[in-house]
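Biologist: I have a new chain to look at. Can you walk me through it?
Modeller: Here it is.

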Amino acid sequence: MRSLGLKATASALAVLVTALAAEGFVAPAAAFQAAPGAAPVPAPQVPPSAAPKSLLPAGTFAPPPPPPVEEPAPVGDAAVPGVEAVPEETVPQAEEVAEPAAPEPQTRLAILSQSDLIGLHGPRTGGFEETLWAGSSGPFVRDFLRGLPAPTASRWGHVLLRRALLTRTPTPEGVLPANFVAERAHLLLRMGEAEGARRLVAQVPVSSFTRRMFDVAPQAHMAAGDVPGLCPLVQTGITVSADPVWPLASAVCAALQGDDAGAALTLDRERENRTAKTFDIQLAEVVSTTLAGSDRGVNAAWPQTARLTTYRLAMALAGGVEVPRQRLADANTAVKGWLTRNGSLPLAVRLEAARTAAATGALPARDLINLWSLQAAGLDETAIRALPVGKLRTAYQASSLPARVQAMRDLWNAASWPHGKAAMLLVTSDAAARLPVRASLVGAAPELGRSLLLAGDVPAALRWYDLARREAKGRNPQAGAPLMALWPLVATAEARGHVPHSVGLFELWDDMQDGERAEQARRRQLVSAAMTGLQLLPVAEMPRSAQVELVSNAYTRRLRAAAKAGRKGEVILLSAAGLGKDAAQVSPAYLFEITRALSIVGLKQEAGLIAAEILIRNGV
């Protein structure tokens with residue numbers, strides 16, 4: 001059936017041009033141009049996924065980190081030699097959920113009811129409709145939230161999930177409102193989204209707290225570095241829980257209220273009762289004396305055997321106690337999401353955590369680039385040249401276009417682990433978007449396209465595809481291979497069918513694959529799953545070697561049923577679960593089901609970005 005067997009030769013170009021002409025293709029970039037003065041179309045945004053177990057070791061709040069100090073203002077060109085802070089409007093596909101210009105007033109009732117709306121965003125600010133969970137079983141959604149592992153295999157899956165968790169919705173039937181909020185917040189925590197979790201739990205009045213809320217709310221406040229946020233919970237927390245963190249928090253809150261004698265008395269009693277670890281008491285004492293302006297001369301040094309917990313990290317940062325760098329380097333993915341947002345940490349710590357956070361979706365590409373710009377602002381010329389940020393500066397400022405591309409390639413090639421590779425593609429995305437689309441650079445089009453698509457900049461990637469298409473039609477022998485390398489990525493990410501698509505083009509792309517047979521077979525199956533799931537290609541007409549063997553199990557049946565019934569929130573949760581935690585292990589059968597289900601419930605653009613990312617992470 002497959003008779004093309006072509007590489008990037010003149011004969012391949014002839015077949016390619018014929019295939020493109022047969023599609024009657026119109027330049028895709030034009031289809032994405034907004035009308036003059038039109039607002040940019042917001043991009044898919046979302047939250048990450050989570051793990052079933054509590055973040056917190058027994059007896060303490062979880063492993064989350066410190067207080068999110070306000071992010072420094074973006075650094076301008078004059079302050080940062082060559083590495084530009086990225087203004088929000090330069091990223092076509094925004095990853096952050098926009099803040100409402102004027103947040104709607106929240107009615108604070110003594111007791112929450114099922115109909116009360118809890119969340120931060122609606123459709124106009126990046127969230128979904130209030131009916132997001134309509135038709136879903138409340139107990140099923142609650143339990144599924146608790147068991148969902150994090151991070152997901154896709155940063156765009158993370159963005160979609162975050163949007164769902166932060167949407168203002170009522171509580172599904174069969175679940176206590178406070179418990180539903182608690183599970184949403186705990187999943188956000190496991191995704192590295194501490195501030196979103198804190199803002200969610202802050203909407204629940206203490207009078208409506210359940211035991212589950214008393215488990216999760218302290219984690220959210222501590223992970224976000226909001227120590228004062230614990231104070232309204234302390235008295236009830238001491239009553240309902242034997243966790244020694246509550247008395248320690250009560251001492252800190254007493255100090256905040258100016259009662260330094262009461263704070264000291266509480267801590268002395270904890271020391272006598274031996275209900276808390278000595279180091280945890282010392283941390284509370286440091287913070288209490290700092291807040292009270294006391295001269296008790298309390299010091300605390302991090303013991304070598306002390307684990308990193310939410311409580312310890314938050315208190316250490318609040319009290320100025322140094323956290324061992326190795327503890328921070330070894331922190332889990334969720335903690336790294338929080339670390340990047342904490343301006344009280346050394347920039348080097350935040351930069352190290354930022355690669356993982358950006359690759360998993362907890363940190364937008366724009367913020368990753370701005371962190372690099374902050375690093376450049378604090379270095380002299382010699383130091384900049386010796387670091388990766390020097391390559392990024394060259395990618396912006398080199399006098400020749402090939403030199404700018406080579407600087408980006410140096411960054412891409414320097415990364416040896418999956419998250420590192422993804423982070424390097426993201427950090428170069430703005431530089432790639434600013435690169436003039438020139439025929440002399442057509443050979444770099446696939447690499448530039450991957451960088452742009454991973455950051456969600458579909459229009460810019462389409463411009464490079466359109467260039468390669470024009471050059472191929474003009475019989476430029478350098479354009480055939482780049483065109484076919486880009487084709488499945490832009491066709492999938494664009495998702496609406498403006499890029500030519502046919503089984504013939506699929507076979508041509510497949511014939512031009514390189515690498516080992518097993519790798520080619522997996523890529524073939526994934527591209528087939530993405531394009532048939534998005535209904536760009538007909539399943540029945542695909543070559544036998546590319547046909548995805550679908551599975552019928554409890555998961556796929558539930559996903560199909562949820563999509564058919566229009567249960568959008570449930571489809572988002574199930575999709576995150578089906579992606580798993582590792583892009584290299586994503587099942588083609590599940591990718592087909594996920595893209596199909598998301599498309600059915602009106603999330604085809606999001607499905608396309610997720611599918612394109614999975615292809616990129618698998619070497620397409």
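Modeller: One term to start: buried means under 20% relative accessible area, exposed means over 50%, and partly exposed is in between, with a 1.4 Å probe and protein chains only. A second: helices (H or I, at least four residues) and strands (E, at least two) are DSSP runs, numbered from the N terminus.

Biologist: Which residues of helix 20 are buried?
Modeller: They are G420, A422, A423, M424, L425, L426 and V427. Seven of the ten residues of helix 20 are buried, so the rest of the structure largely encloses it.

Biologist: Where does this model come from, and how are residues numbered?
Modeller: This is a predicted model, where local features need pLDDT of at least 70, side-chain atom pairs count only at pLDDT 80 or more, and totals for chains, interfaces and linings use all residues. Residues are numbered from 1 along each chain as its sequence is written, and side-chain values use heavy atoms, with hydrogens and water left out.

Biologist: How many helices and strands are there in the protein chain?
Modeller: The protein chain has 30 helices and zero strands. Of its 620 residues, 59% are buried.

Biologist: What is the volume of the second largest pocket, and how many residues line it?
Modeller: The volume is about 610 Å³. That is the space filled by probe spheres set on the points, which are joined across faces, edges and corners. The lining has 22 residues, and K421, A422, L425, I616 and R617 lie nearest the centre. Helix 19 (401-414), helix 20 (418-427), helix 22 (445-454) and helix 30 (604-617) each give two or more residues.

Biologist: What kinds of residues are in that lining?
Modeller: Eleven are nonpolar, four polar and seven charged. Here Ala, Val, Leu, Ile, Met, Phe, Trp, Tyr, Cys and Pro count as nonpolar, Asp, Glu, Lys and Arg as charged, and the others, Gly among them, as polar.

Biologist: New topic. How many disulfides are there?
Modeller: One. A disulfide is a pair of cysteine sulfur atoms within 2.5 Å. C231 and C253 form it, with their sulfur atoms 2.1 Å apart. C231 is in helix 8 (residues 231-240) and C253 is in helix 9 (residues 245-256), 22 residues apart. The link of C231 and C253 is left-handed, at -95° about the S-S bond.

Biologist: Are those cysteines buried or partly exposed?
Modeller: C231 is partly exposed, because its relative accessibility is 23%. C253 is buried, because its relative accessible area is 6%.

Biologist: What about V201? Where is it?
Modeller: V201 is in helix 6 (residues 194-201). V201 is buried, because its relative accessible area is 2%. Leaving aside neighbours within four places in sequence, V201 is in contact (heavy atoms within 4.5 Å) with V181, A185, M213, A217, A220 and H221.

Biologist: And E129?
Modeller: E129 is in the loop between helix 2 (28-31) and helix 3 (138-147). E129 is partly exposed, because its relative accessible area is 35%.

Notes
On a 1 Å grid over the protein atoms alone, a cavity is a set of points where a 1.4 Å probe fits but cannot get out, and a pocket is an open set with protein on both sides within 12 Å along at least five of seven lines; lining residues have an atom within 4 Å of a point.
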